[in-house]
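Trainee: I would like to learn how to read a structure feature by feature. Could you take me through one slowly?

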Amino acid sequence: MRLSRFHLNTSKETPGDAEISSHRLMLRAGMIRKLAAGLYTWSPLGLRVLRKVEQVVREEMDRAGALEMTMPTVQPRELWEETGRWEKFGGQLLKIKDRKEAEYAYGPTAEEVITDFARQELRSYKQLPLNFYQIQTKFRDEIRPRFGVMRAREFLMKDAYSFHLDEASMAETYQAMYDAYTRIFERLGLKFRAVAADPGAIGGSASHEFHVLADSGEDAIAFSDKSQYAANVEMAEAIAPAAPRAAPAEEMRKVETPWQRTCEEVAKLLGIDLSRTVKSVALVGEQGFVLALVRGDHMVNEIKLAKLPGLAEYRLATEAEILEHLGSEPGFLGPVNPKKAIQVIADRSVAAMSDFVVGANEKGFHLAGVNWARDLPEAAIVADIRNVLAGDPSPDGQGTLTIGRGIEVGHVFQLGQKYAEAMGATVLDAEGKAQVMHMGCYGVGVSRIVAAAIEQNFDANGIIWPTPMAPWQIVVCVISAKGDTVVPAAAVELYEQLTARGIEACLDDRGLRPGGMFADMELIGIPHRVVVSERGLAAGSFEYRGRRDSESRQLSRDEVFALFS
C-alpha cells in the first residue's frame, strides 16, 4: 500500500474527552472517529486492524468445528418475552418500533434468535452437537458510554451458541471453545488470563472470562503466584483462616465514639489494627432483616451474598428498617443485643475472630472485646462473603493470590437448558422422546480486543502493535531530495520485493520530512521500519528500526528479508 494513495489522518493533539490510552491513541492515529456517544466510524486504517482480529477469530472458530451464519440485528419483542428478558435485561436493551407499531430490540446478544432457529431446524439427537457462530454488530445502550470502543454502545462481537443432547456433550464443546479462545489470544500476541467468572445476566452454570492484562483494566482478577488458578475477584474464594479461633482475652466494654462511624475511624481512635474491627451491613432478604458481617479491612462481595439461601433478591435495608430492628442509626450497628430478632451472616474470617470491635447499636458508641458464644450467639450462617485480597492463600492450596487488572475480551458459558426450556427447543432422543436441548454460549469482543491490545502495548510515541494485529508488518520510508528519482525508485523496488514475498508492507511516499514521517509510523505502531536514503544506498544498506528498539541499525537487503523468515 502506497500511503500517498491511502487515507491516513493523524493528529498531534490529545483529545480532551479521551480518558484512557487506547481511546487517545486510536483518535490520534485516525483509526476511529466519533459519530455520537458510544458510536464510532472505523477508518480504513482502523478497519485493517479490526479485520486482522476478526480473521484470527474466524479461523479458530472454524478449526474448532463451529459453523458460521448470520442472524438479524433487529429482533422481535415476542422472542424476548418468551425468555422473560424483555423487561429483565434492563435499560441496555434498545427498544424500537416499526411503522406498524410492532416492537423490536436492536440485538445486544442473540440467545433468543438462535434458540428460535434451533427449535425450527433441529429435530433429532442425530443432528447434535452443533455449534453456530456469527461475527456481527451488537448494540447495548450503555448508561455512560466511555473509553472509546472499549465501552461503546455499538460494537463488533463474535457470538457462538452450541446445542447438545446432554450435559456431557455441552461440557465437551465448552472445553473446545475454551481451547479455541486460548489459541485466539495466543495468536494475537496478547498477555491474557482465563478466569473463573459469574455468568451474570446471561445465566447458566460454568463460566470463564478471558482478560487481557493491563493496568487500566476495569476488572480486578485474582491469580496464584504458584499455580494456574485464576478467577474474577467476584468469584475467587476467600478460604477460612487456618488457625483456630483464639480464646477471649478481654471483657466486652462500651467505648465512646462520638463521630467515628467507619471502621477506619474507630480503629484509629482506639489505636488498633483495622483487622480487629467488624463491619456490619444491614440487608433485607426473602426471609426478612439480615446483618452481614465482614472484617473492617475487607469488602462485602455482593455476588457471593446473592448466592446464599434467601438472598437472591436482597437489597440494602432502609434507615427505618435499621432503626426498627437494631434501634440505632447507620454507623453504629452491630450484632450484639439487637432490638428484634435478626439473622446474622458472618464471613469466615469474622467467625474466626475474638476480642473484636462492633457497633453498639447506640449512637456515639461501639463495643470492644466482643467474643462469639460469650457475648453474642454464634452466627446463623458462616460463609465466604468477601472479596479476596492480595496475599490471601490461593483456594487451590498452592501459593498466595496476586490481584491484577484485566480487560474482559471473551466469555464462555455453559447455559444448560435455561433458554431451550423457556422456548420449547427440543429434539427426539434415541427412544423417540422429546428432550430439551442443552446449550453453550461463547462471546468474543472483536472491536474491544483492538483497544485492549493498545492498553497493553503502547509507549510515549504511540501504539506498539503485536505483529499479527498490525495494519502492516513493515513500512518503507523514503528520504530523498526534491527531484531525486534514484532513491524513490530504490524504495519502490524494496517495497515490491517485500510484497512479492507475501510480507504486508506499506510505502511511505507522502514526501514528509523524516521527523514527521517517523512520528506517524511510531504513532500507528508499525512493527518494522526501514529507511531508504541516498547515504544508505551508497553504503549498500538500509536503516532499520524495530518499533520497540531504542536505536537504529544498518541492514542489508537480505537481512531485511530475513526479519520475516
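The dialogue below goes from the whole chain to single residues.

Mentor: Please keep in mind that this is a predicted model, in which local features need pLDDT of at least 70 and side-chain atom pairs count only at pLDDT 80 or more, while totals for chains, interfaces and linings use all residues. Residues are numbered from 1 along each chain as its sequence is written, and side-chain values use heavy atoms, with hydrogens and water left out.

Trainee: How many helices and strands does the chain have?

Mentor: Helices (H or I, at least four residues) and strands (E, at least two) are DSSP runs, numbered from the N terminus. The chain has 16 helices and 31 strands, and its C-alpha trace spans about 95 × 70 × 50 Å along the principal axes. Of the 565 residues, 51% are buried, where buried means under 20% relative accessible area, exposed over 50% and partly exposed in between, with a 1.4 Å probe and protein chains only.

Trainee: What span should helix H2 have?

Mentor: The expected span of a helix is 1.5 Å times one less than its number of residues. For the 20 residues of H2 (residues 44-63) this gives 28 Å, and the end C-alpha atoms are 28 Å apart, which agrees.

Trainee: Which residues of H2 are buried?

Mentor: An α-helix has 3.6 residues a turn, so residues three or four places apart point the same way. The buried residues of H2 include Leu 45, Val 49, Val 53, Val 56, Val 57 and Glu 60. Just after H2, Gly 65 takes a positive phi of about 90 degrees.

Trainee: How many disulfides does a search of the whole structure find?

Mentor: A disulfide is a pair of cysteine sulfur atoms within 2.5 Å, and the search of the whole structure finds 0 of them. Cys 506, for instance, is in no disulfide, since the nearest cysteine sulfur, that of Cys 477, is 7.6 Å away. Cys 506 is buried, with a relative accessible area of 0%.

Trainee: What does Phe 89 touch?

Mentor: Contact means heavy atoms within 4.5 Å. Phe 89, which is found in the loop between helix H4 (85-88) and strand S5 (94-97), touches Trp 80, Pro 108 and Thr 109, not counting residues up to four places away in sequence. With a relative accessible area of 14%, Phe 89 is buried.
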